[in-house]
Each structure stands twice: as structure tokens, then as C-alpha cells.
Amino acid sequence: MNILFVEDDAMNRRVVRDMLTVAGATMDEAHDAESGLQMIDERQYDIVLMDLRMPGMDGLTAIKHIRARTDEKASVPVIVVTADTALDICRDCIDQGADEVILKPVAMNKLFDAIGRLIARGNSRMMLN
Amino acid sequence: MLDPARALADSDALRRMADPRDSAERRTHIEATADWIRAEALISLNRPREALKVIQGALAAMDRSDPEPGLRGELILARGGVANLTGGVEDALRDNQEAFRLLGRGGNARGQAIALQNIGAIYADAGDYNNALKYFGQSIDIYSADPKLLLSAYNNQGNSLFELKRYADATAAFSRALQIAQKTNNALQQARIQRNIAATQAEAGNFTPAEAALADAFRLSTGGPAASSRAALYGVAARLALRQHQLDRAADMIDRAFASAVGAEANLPMRDFHQTAYEIFRERGEAKKALDHLEAFQKLDDQARALAASTSAALMNARFNFTNQELRINNLRNEQAVASARFRNRMQLALLSATAVISTLLLIGFLSIRRSRNQVRDANASLLTTNVALEKALAAKTEFLATTSHEIRTPLNGILGMTQVILAGRQLDPTLRGRIELVQGAGETMKALVDDILDVAKMETGELRIQTAEMDLKRLLEDAVTVWTGQAETKRIGIEFDLEHCPSKIIADEVRLRQIIFNLMSNAIKFTDRGQVRLACFSESDEQGESETLVIRVADSGIGIPQDRVEEIFESFRQVDGGVTRRHGGTGLGLAICRNLARAMGGDVTVVSTLGAGSTFTLTLPLERGTAEAGPADRVAATSLGTANLLMIEPNPLGQGIMRALLAGECASVQFVTEVGQALDALKTGAIDHVLAEGSALGLDPAGAGALAAACAEAKARFTLLWREPAPELLDQFTKEGVTHVVSKPISAPDLLSEMNKVYGEPIASRNIAA
């Protein structure tokens with residue numbers, strides 16, 4: 001499974017990376033939205049995890065860019081991972097095209113449930129192995 | 001920009017340069033540049049509102065992710081200039097700060113220096129000279145290559161230092177400005193700066209250099225554009241003469257100042273003239289004239305102070321540093337009180353000396369009426385300013401709390417994230433596990449505190465919303481009992497519960513309801529050292545039977561609350577006494593939040609308490625029953641996968657996530673465990689119809705698998721083993737142990753489900769127990 005985490009904070013990347021290790025999964029990492037978009041260009045991802053507040057382009061704008069693509073990558077599942085607790089933050093993210101929103105501090109089971117839901121949704125005939 | 005008209009023409013020419021064959025991006029950029037030049041020209045022509053329109057248009061046309069932050073920064077800087085001209089202090093401050101940031105990214109230090117000077121000027125307008133000095137200093141540090149900018153920065157520094165009565169420093173700053181003005185041969189600027197030096201030296205009592213500077217200023221302003229500043233020069237001359245007790249010369253000078261200032265629109269120099277004039281005529285014993293000037297001064301001073309106060313209040317709101325808000329509010333209040341007191345004293349002194357000369361009773365009466373009227377007006381104005389400022393501080397506090405919450409969540413993510421990762425490791429030394437669990441518990445508590453604080457902030461600004469949906473109340477309360485039983489056991493108190501008449505499915509906000517109930521339970525256990533905590537839930541109908549009320553009651557046998565302080569515990573940050581807070585911890589926000597939440601849901605939280613005997617907290621809510629309310633049914637054995645309560649042993653958390661999604665809606669309920677031991681415990685409850693085991697959880701141990709299969713048979717549960725390509729000989733051993741239903745991976749989810757459904761056509765099989 002190919003997962004990309006777009007997040008400027010090294011500690012937050014490490015936390016999610018180690019959580020995925022527990023499940024035997026690995027991920028690619030982008031330090032900002034611009035390079036994240038470029039990596040999506042170059043590789044095929046099953047899941048994109050996206051922080052919101054980053055220097056340069058913010059996460060919501062990055063999601064808009066992804067959804068504006070004309071190829072099949074436009075529909076890659078995106079999970080927003082944010083410490084932003086503003087009112088309506090979830091609705092805003094979903095409105096912009098995010099599939100799921102997870103609040104920091106990240107609860108491991110919530111992260112895996114969200115990934116599981118999106119993987120299962122994407123292919124109901126997926127092979128379990 | 002020397003000639004605005006020419007700049008307007010340049011702007012039009014530039015606009016025409018935009019070639020339709022250019023890329024849209026380039027055209028936008030050229031047009032925005034043209035708009036910027038146009039806006040700056042309009043500002044120079046004192047047409048700020050037109051300039052604002054042009055700027056807004058250009059900003060809207062530029063894309064958010066414009067690769068060049070520089071032009072955007074220039075436009076916003078120009079907009080800040082407009083806001084400054086039109087008195088929009090908050091807009092001006094915000095724009096200048098934003099421009100500072102953008103221009104920094106574009107590497108435009110000169111633009112940044114301008115932004116800093118603008119910010120400094122805003123602070124100076126508000127009378128906050130220390131902050132003003134900070135920004136002027138930064139402006140000089142960041143860019144000193146443009147003499148015009150540098151001159152303006154030193155001159156601004158000098159003015160702020162003058163206001164702070166730091167006359168020596170002010171003179172030094174003005175001298176630096178003067179050197180630059182001399183180098184650039186700008187007579188107007190030189191005259192202005194010499195005037196400032198003269199005024200400063202006069203106040204400092206250095207009359208010789210003051211006279212020299214003044215003479216130079218007069219010399220520089222004969223003829224040419226500098227002539228218009230002569231009024232101010234006469235004002236300084238009058239002041240200088242007064243300070244040297246040359247009253248005739250002073251009177252002559254101040255008369256000239258007023259004569260040359262005819263039509264001057266600025267209030268501030270006029271105010272200073274009146275003040276000087278009042279002092280001069282008082283010294284000369286011309287009471288009538290003195291009083292006239294005093295009144296004129298007072299009127300202008302009122303205006304100036306009101307302006308400074310409103311600038312100061314606006315600054316309060318716009319500052320990016322929120323940490324000192326409340327402190328600053330207090331300071332502002334104190335400053336205002338001191339200023340009002342000082343002003344009153346000054347007025348009284350002035351009037352005393354005046355009345356000594358004027359013996360007309362009528363006039364005294366007139367003056368005192370006027371004085372008290374002014375005082376009332378003063379008090380009202382200052383009260384209004386304070387109220388506005390307090391409201392803004394409250395909003396700032398909320399924003400501060402939201403920011404803090406965001407900032408605390410980030411390190412918490414590291415703490416809680418890593419403890420989860422460590423605890424997920426199966427080969428963890430038990431001692432170490434205990435310690436890590438302690439870290440996790442502390443982290444969770446900290447997260448709850450941050451959430452509480454954020455909730456209070458949201459409640460204060462009315463941002464909190466209730467989102468209702470159908471939920472299972474009974475299960476929520478059972479969860480609460482389970483969670484708190486462990487805590488209660490360590491304190492050796494009991495938990496009793498009565499959920500017999502508890503409605504099961506209701507329409508409510510589950511998250512908020514859980515928050516209230518968990519808070520009440522947590523409090524009850526926290527404040528109880530012996531006895532028990534009782535949780536009860538039931539519904540009540542009103543007399544007409546039209547509406548129902550849900551009642552949830554948490555009763556403890558704890559320390560109780562004194563009768564006169566019962567209501568206090570619902571206030572934010574309150575526990576009954578400091579000692580209690582120290583002993584029991586917590587933010588003291590819990591009950592305030594509970595009551596606010598309950599009220600937001602149309603209910604309330606109330607308490608009845610006896611000191612030393614215990615408290616009973618009651619949550620009441622309007623009850624709206626769910627549509628799917630089912631009566632208590634005896635559990636019947638599942639006849640198909642669709643009616644089965646499934647338990648899956650899956651050690652991989654991601655595997656759990658995927659299976660939870662795939663199995664949702666395919667069976668009555670799904671729960672996950674990571675180890676065989678947990679599955680054996682769950683089977684003992686008799687609530688499991690089907691166990692699905694991921695092969696890796698069983699290892700290659702046929703005996704262990706056999707024990708699980710036997711336990712399933714005992715509990716009348718089906719058992720499916722999901723295994724990746726089992727070796728035939730090992731599979732035989734498993735079969736011998738009674739593991740009869742093995743599904744091999746890889747397999748698609750629908751195929752797995754149909755495989756699992758097949759076992760419902762067969763009797764429950766086992767090696768040990770016959771079906």
C-alpha cells in the first residue's frame with residue numbers, strides 16, 4: 001500500500017510513520033504541499049494524509065489542486081490530519097474534497113479505521129492477504 | 001513618487017503594455033503593477049478611497065498562490081497606507097504586518113522598513129511611544145540605504161523620545177536626521193528638524209543651542225515651500241521665550257503663530273499654541289486671555305486624547321501578540337484613570353489661579369458648571385473606551401486560547417502518538433509497560449484539559465454547537481460504568497447502577513452527552529473516599545403526557561458541598577476551596593462546561609448536597625426517543641452471518657481498520673481483539689456468535705488453535721480461521737485439533753463473507769463436543 005504524508009513538522013511525520021510501522025506499512029513523506037503535489041504527480045498513491053497549516057501552500061489549497069487534476073489521481077483518498085479545532089473545520093475540509101478528518105493528537109485506531117474505510121471503499125473486491 | 005500626475009500616465013502606459021498574446025499570469029502581473037503605481041499616485045493626490053478601489057481590484061485579480069509575493073506585499077502596504085489616512089487603525093496595522101511578511105519573502109527590505117515605520121507611527125498615535133520606538137529602531141536595522149527613509153525614521157524616533165521626555169536622546173536622534181537632510185540639501189526637512197531640535201532643547205533647558213537651532217530654522221524657511229511651516233516655528237519661539245521668562249517676546253511670538261496658522265487644519269500644533277498662550281498670559285496676569293486659551297486648549301486636547309484612546313483600543317484588537325492582552329487592558333485602565341486624575345488636577349490648579357485674579361462670581365459659577373460638565377463627558381468617554389477595549393480583549397482571549405490549544409496539541413501528538421506505538425509492541429517488558437501507560441494516562445488527561453479550555457472559550461463566544469443524531473444511550477452509560485469501575489476499585493469505592501428504565505435509542509448529541517456523563521462520574525469518584533457512586537437513568541412524563549424528560553443522576557457519598565457555595569461550583573475556574581483544588585486537581589472547568597452544555601441542549605445540571613454526606617448531580621434533558629427503539633429481547637442464536645455478533649482476532653491495527661470497514665453492515669456487530677487470550681475471555685460472556693481468527697494471531701500452534709476451537713464450541717459460536725496458504729501437513733494437524741473451517745488467503749471480501757455464511761448451514765462442529 002502506498003501512503004503519502006504531507007506534513008511540515010518532523011515529529012508529526014515520525015509519529016505517523018512509526019504508527020504505520022506497527023501495521024507493517026510504510027509511507028512517503030513530503031515536507032510541504034508543493035513537493036507533496038509533485039510526488040503525487042510522479043507516483044501512484046492509495047492514500048494521502050494531509051496537514052492543514054504549512055508554510056507556503058496550505059493543505060486545503062493542496063487538496064483543491066489534487067481534485068482539479070484531470071487524470072484518475074484526482075480521486076485519490078485524502079485524510080486531513082490537523083490540530084486545528086476551529087468550528088466547522090471538518091465541514092470545511094470535506095467541502096474542499098477531503099474524505100476524512102483526523103484531529104491531532106492522532107489516535108492510532110482512528111487513523112487505521114480511516115485508512116481501512118477508504119481502502120475498503122475504493123475497492124470492495126479487494127483481496128485480503 | 002515626485003509627480004503623481006505623471007505616475008498616473010505611466011500606469012496607463014504600462015496597462016497598454018499587457019499584450020493579449022502574453023500568458024494570463026503575466027497579464028495579471030502587468031496589470032497589477034499598473035494598478036499599484038496608480039494607487040500610489042492616488043494616495044499622493046489625497047484620493048485614498050479611489051486608491052483603495054484600485055488596490056482591492058488588483059489583489060482580487062491576482063491568484064492566491066501568486067509566485068511573487070513582492071507585488072502583493074507592495075499592494076497590501078499601499079492599502080495599509082490608505083487605512084492609515086482614513087483612520088482605520090486595525091486595518092492599517094494588519095495590512096502593514098501582512099505586507100512586512102510578504103515583502104520579507106520577496107526579499108524587499110526597503111518595503112519592510114516602510115511597513116515597520118508605519119506600524120511605529122500607529123503606536124506613536126496611540127501614545128505607546130515605547131513600542132513605537134521599537135518599530136522605528138527595527139526599521140533602521142533592517143534597511144538604511146535610503147536616506148529619505150532613514151531621515152524619517154530618526155525624526156520619528158526623536159519625536160517619540162521627546163514625548164517620553166528623554167530630551168538628550170531625542171536631540172541625538174534629531175541630529176542624525178539633520179545630518180542626512182543637510183547631505184541631501186533639503187531645506188524644508190532641515191527647517192523642520194531644526195525646529196524639533198529647538199523645541200527639545202527648550203524643554204531640556206538648553207537655551208543657547210535652542211536659540212541657535214531656532215535661528216537656523218527661521219533662516220531655512222524664508223521663502224520657498226518651507227515658508228508654510230513658519231507658524232510652528234513661531235510656536236516654538238514662543239515656548240522658548242516663555243521658558244526663559246521673556247514674556248513680552250513670548251506674547252509677540254504666540255500672536256504671530258496664531259496669525260500665520262490661519263486655515264491650518266491640523267489640531268495638534270494649535271493645541272500646543274493654546275497651551276503656550278495660556279501659560280504666557282497667566283504669567284503676565286492677563287486672566288481673561290489666559291482662560292480663553294485654556295478653554296481652547298482643553299477642547300483640542302480632549303479631541304487628541306479621544307483619538308489616541310481609540311487608536312490605542314484598536315491597536316489592542318489588532319496586535320499579533322495576544323499574550324499580554326489582559327495585562328494591557330489593566331494597564332490601559334490604570335493609565336486612563338491616572339490621566340483623568342492628572343487632567344482634573346491640572347484643571348483645578350488652573351482654575352484656582354484664574355479665580356484668584358477674577359473675582360466675578362458669575363464667571364466662577366459659569367466655569368464650575370462648565371468644569372463639571374466636562375468631567376462627566378470625560379468620564380463617559382473613558383468608560384466607553386474601556387468597555388470597547390474589554391470586549392475586544394475578551395475576543396482576543398478566545399483567540400489566544402484557540403491558538404494555545406493548537407500549539408499544545410502538537411507536542412501532545414508526539415507524546416500520545418509514541419506511547420501508542422510503544423504500547424502496541426507485544427514484547428514489552430511489563431514494568432516498562434506500566435510506566436508508559438502512566439505517561440499515556442497523563443497525556444490523555446492533558447488533552448482533556450486542553451479540550452475543556454477550548455470548550456469554555458467557544459462557549460464564551462457562542463461558538464459551541466450541538467449536533468444531534470440517533471444514539472444508544474444505554475450503551476453509553478454502560479461504557480461509563482466500565483471505564484470508571486477500574487478507578488473506583490483503586491479507591492475501594494463501589495459503583496452501582498440502575499439502568500432498568502433507561503431509554504435505549506434516543507436523539508441527542510452523543511459526544512456532548514458523553515462529556516457530561518463522564519465529567520459527572522469523574523467528579524463523583526474524585527470527591528468520594530468511601531462508600532459508593534450510584535448512576536441511575538430514567539424518563540419522566542409531564543402531567544399531560546405530552547413531553548418526556550430524560551433524567552440521569554449521579555449520586556456519591558463523598559465530601560459534599562457547603563450549602564452557600566453550591567452555585568459557585570458551576571462557575572468557570574472554581575472549586576470550593578483552594579485546598580480542594582490542590583488535593584483533587586483539575587481545571588475547575590468541568591461543571592461549568594457540563595451546565596453550559598446541558599443548557600445548550602435545552603436541559604440543566606443541578607445539585608443537591610449535604611456537607612460530609614455526599615452530593616447528587618442530576619442532568620435533565622428533553623427526551624426525544626429514537627425510531628429504532630427496541631424492547632429488551634432475549635438473545636437468540638444467530639442463524640446467519642447477518643444476525644451474528646462477530647469477534648475477530650486481528651493483531652494488525654491496519655488490518656482491523658480495513659476489516660471493520662468491510663464487515664460493517666454485514667453482521668449484527670463486530671468487535672476486535674489482538675490476542676487469543678482476549679478472545680477466550682470474550683467467549684465466556686456468551687455474547688459471541690462467530691469468531692474469525694487471522695492465522696498469524698495463532699502462530700503455527702495447532703494446540704492453541706484447538707483450545708480456541710473448543711472454547712467456541714463451548715460457547716456455541718462458529719469459528720473461521722483465515723490463513724494465508726496453509727501448508728497441507730500443518731492444516732491436517734489443525735483439523736485434528738477441531739479447526740474445521742479454514743479459509744485461505746488471498747481472498748476477496750465478498751468471497752470471505754460468503755465462505756463465512758456457509759457454516760450457518762451446518763451444525764456447530766467440534767472434535768470434543770458433538771453438535
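Two residues count as in contact here if their C-beta atoms, placed from the backbone, lie within 7 Å. With that in hand, select chain B: among its contacts between residues at least 6 apart in sequence, 64% join residues at least 24 apart.

Before going further, a word on what you have open. This is a predicted model, in which local features need pLDDT of at least 70, side-chain atom pairs count only at pLDDT 80 or more, and totals for chains, interfaces and linings use all residues. Residues are numbered from 1 along each chain as its sequence is written, while chains are lettered from A and ligands numbered from 1 in the order in which they are written.

**Stop 1: colour by confidence**

Colour chain B by pLDDT, the predictor's confidence in each residue, from 0 to 100. The chain B average is 77, and 79% of the residues score at least 70. Now pick residues 316–334 of chain B: pLDDT is below 50 there, and the stretch has 29 contacts in the model beyond near neighbours in sequence. Residues 351–369 of chain B are also below 50, with 11 such contacts. Where pLDDT is low, the predicted coordinates should not be read in detail. For the complex, the predictor gives an ipTM of 0.86 and a pTM of 0.50.

**Stop 2: where the chains touch**

Show both chains. The contact takes 37 residues from chain B and 35 residues from chain A. Which element gives the largest share of chain B's side? Select helix 17 of chain B, which supplies 14 residues. Helices (H or I, at least four residues) and strands (E, at least two) are DSSP runs, numbered from the N terminus. Other elements giving two or more residues include helix 18 (430–460) and helix 28 (749–758) of chain B.

**Stop 3: the open sheet in chain B**

Chain B has 28 helices and 13 strands. Five of its strands form an open sheet in the order 2-4-5-7-6, with mixed pairing; strands pair if DSSP finds at least two bridges between them. Strand 2 (494–498) and strand 6 (604–610) of chain B stand at the edges with a single partner strand each, so one side of each has no neighbour in the sheet.

Click Ala555(B) and you'll find Thr616(B) of strand 7 opposite.

Axes are lines fitted to C-alpha atoms, for helices over the stretch in contact, and angles run from 0 to 180 degrees between N-to-C directions. Helix 19 (473–490) of chain B lies across strand 2 and strand 4 (532–541), at about 165 degrees to strand 2 of chain B.

**Stop 4: a strand in chain A**

Over to strand 4 (78–82) of chain A: is it buried or exposed? A residue is buried if 20 or more other C-beta atoms lie within 10 Å of its own, exposed if 12 or fewer, and partly exposed in between, with C-beta atoms placed from the backbone. Of the 5 residues in strand 4 of chain A, 5 are buried, so the strand is largely enclosed by the rest of the structure. Val78(A), Val80(A) and Thr82(A) are on one side, Ile79(A) and Val81(A) on the other. Strand 3 (47–50) of chain A pairs with strand 4 of chain A in the parallel sense over 3 bridges, and Leu49(A) has Ile79(A) as its bridge partner.
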